[in-house]
Amino acid sequence: MGMNTNGNPVLTTTVEAFEKLINWGRANAVWPFQFGLACCAIEMMATASARFDLARFGAEMMRASPRQSDLMIVAGRVSQKMGPVLRYLYDQMLEPKWVIAMGDCSSCGGVYNNYAVIQGVDKIVPVDVYVAGCPPSPDNLLYGFMKLQEKIAKDHPLRSQKVLKELKTL
Amino acid sequence: MGSPPILAVLAVIVAKALVVIVVLLTAFAYMTWLERRLISRFQVRIGPNRVGPFGLMQPLADGIKLFFKEDFVPAGADKVLYYLAPGLAMVTAFTAFAVIPFGPPDVQLFGVPLFQISNPNAGILFVLAVTSIGIYGIILGGWSSNSKYSLLGALRSSAQLISYELGVGLAIVGVVLLAGTLQLPEIVKEQSGFFFGFLPRWNIFVQPLGFLLLLIGATAETNRPPFDLPESEQELVAGFHTEYGGMKFAAFFVAEYVNVITASGVATTLFLGGWQGPFVDQFPILGPLWFVVKIFAFAFFFIWIRATLPRIRYDQLMDVGWKLLVPLALLNLAITSVIVLIWPSLGGGS
């Protein structure tokens, strides 16, 4: 299974088809991590409830265990004390995993421009989508979620640098 | 009629088992879909509808995603048991379905009844025994993950399952007394005909208390809400499968839903006349259809109470199990025994 297809057209098409299938599955079954930090969490709950209904995208399965979730929605400011916990939980999630920084606080510190709050959660975990707003309304989060789905659909799960590196070590 | 070739008989048995497993797996996949859609409707939401018509491809997307998740073993876990536990839970869930008849026993090929995989003469005992082995999957899964949440979840689960097994067993004894046999096809046959010419002769009308107790007990034994304490996320993160992700978690998920289907099948067989329904005598093929309809009714009921009832507290759970379920089941058993004794025509045994 050399994922370096070397320009072989049949192999490239097969791998592309498989990648499409995997991406389709991953993009439509994103299970978020049940992890609310502050006021944004209320908007996150509103996103999952009636009227906005995150379930339409197959993403209402809020898992309480990091092992079973794919998406960490950092909903709220992250204090210096919460930082290590957040990173720990992120490390406990299984690959592939994604992060949405929801709201101004987790994106850049927002109004909490002080020593107690981490100025942007991207200092400790890699963020895929930033959702602006203080707090963002549920439709903002839904839009961010759909952007994440687009990002997942563009991924190359079988040909990424990570996979190639792992194949070399085998 | 000469004895049929042994290979043909074996082929029929294997094909039968394969078909049932495939059907059960499909039923599991679409029960998750049904549950998500129905709960959405109960909560005035829409539910998964982006993949395929009515979101019908949702189980497939979930399956693909889980299949391509990272394969993971926690540090300090007992590797063999960690891998064995989900498989054990899943296999026992499938095995218990083997003795449940889902159609008339007269439909045969090479002398093998097509609508039941196996017919041991201790049928209902087999179901109870195999579902009890399923507890090992949960205990070993919780113990081998080397995590306190998993272990606590597993302990709770085992305590819950053992407590409710007793009530369920006693509730079933009432039906066994009436039928005079442990064989499930015989119990179904005993329920044919009508009371007063219009009411089906189902055990639910003879043993309403037993049916209620079995229903409560089955809900608790399959870890369904409101008895889903082993995985209550406020206290135990996700219970015994906290450290499980990807396909191993999916195996536990399969086990839970197949257990729901099996419990519905047992309740249908014992209390709702199994595969019996209108026109089954003329067209035996309708048997499985009626059976599926009744199982669907139970599945709907289980989802309905999940959407309706909040999770109960642990001490309340134990109170219901030991102070309500067991005494009522004993009472039911005593009354049934006396009636069968003084009115033997009701009991099939004599």
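In this predicted model, chain B and chain A touch through 29 residues of chain B and 22 residues of chain A. Which elements of chain B give two or more residues to the side that touches chain A? They are α1 (6-42), α2 (58-67) and α10 (246-271) of chain B. The top contributor is α2(B), with 5 residues. By class, the chain B side holds 12 nonpolar, 8 polar and 9 charged residues.

## Chain A in outline

Chain A contains 6 helices and 3 strands. Along the sequence they follow the pattern α-α-β-α-β-α-β-α-α. Taken along the principal axes, the C-alpha atoms fill a box of roughly 55 × 35 × 25 Å. Chain A has 170 residues, and 42% of them are buried. Now take the contacts in chain A between residues at least 6 apart in sequence. Of these, 79% join residues at least 24 apart.

## The sheet of chain A

The 3 strands of chain A form an open sheet. Their order is β1-β2-β3, and the pairing is parallel. Which strands sit at the edges? They are β1 (71-75) and β3 (129-131) of chain A, and each pairs on one side only. On average, neighbouring strands are turned by 20 degrees against each other, direction ignored. Strands in a sheet pair through backbone hydrogen bonds, and the pairing can be parallel or antiparallel.

Look at how β1(A) meets β2(A). The two strands run parallel, and 5 bridges join β1(A) to β2 (residues 98-102) of chain A. L71(A) has W98(A) in β2(A) as its bridge partner. M72(A) stands opposite V99(A), also in β2(A).

How many residues of β2(A) are buried? The count is 5 of its 5 residues, so the strand is mostly covered. In a regular strand, side chains alternate between the two faces of the sheet. In β2(A), both faces are covered. W98(A), I100(A) and M102(A) are buried on one side. V99(A) and A101(A) are buried on the other.

Helix α2 (residues 39-48) of chain A lies across β1 and β2 of chain A, at about 130 degrees to β1(A). Helix α5 (residues 138-153) of chain A lies across β2 and β3 of chain A, at about 170 degrees to β3(A).

| Helix pair | Angle | Axis distance |
|---|---|---|
| α3(B) and α4(B) | about 160 degrees | 8 Å apart |
| α1(A) and α5(A) | roughly 160 degrees | within 8 Å |

Start with chain A. The axes of α1(A) and α5(A) cross at roughly 160 degrees. Angles over 145 degrees count as roughly antiparallel, and that makes α1(A) roughly antiparallel to α5(A). The crossing of α1(A) past α5(A) is right-handed. The contact is made by N23(A), R26(A) and A27(A) of α1(A) and by Q149(A), I152(A) and A153(A) of α5(A). Its residues divide into 3 nonpolar, 2 polar and 1 charged.

Now turn to chain B. Helix α3 (residues 79-96) of chain B packs against helix α4 (residues 123-144) of chain B at an angle of about 160 degrees. The two helices are therefore roughly antiparallel to each other. Here the crossing of α3(B) past α4(B) is left-handed. Residues of α3(B) in the contact include L81(B), Y82(B), L84(B) and P86(B). Those of α4(B) include V127(B), V130(B), I133(B) and G134(B). Which classes make up this contact? There are 15 nonpolar, 7 polar and no charged residues.

## One residue up close

K20(A) is found in helix α1 (residues 9-28) of chain A. Is K20(A) buried or exposed? K20(A) has 11 C-beta neighbours inside 10 Å. A residue with 12 or fewer counts as exposed, so K20(A) is exposed. K20(A) and S65(A) are 45 residues apart in sequence. In space, they are 28 Å apart, C-alpha to C-alpha.

Technical notes: Residues numbered from 1 in each chain as written. Chains lettered and ligands numbered in written order. Predicted model: local features only at pLDDT ≥ 70, side-chain atom pairs only at ≥ 80, totals over all residues. Axes fitted to C-alpha atoms, helices over the stretch in contact; angles between N-to-C directions. Helix = DSSP H or I, 4+ residues; strand = E, 2+ residues; numbered from the N terminus. Parallel < 35°, antiparallel > 145°, perpendicular 65-115°, else oblique. Left-handed = near helix turned anticlockwise from the far one by under 90°. Contact = placed C-beta atoms within 7 Å. Nonpolar A, V, L, I, M, F, W, Y, C, P; charged D, E, K, R; others polar. Pairing = 2+ DSSP bridges. Buried ≥ 20, exposed ≤ 12 C-beta atoms within 10 Å, placed from the backbone.
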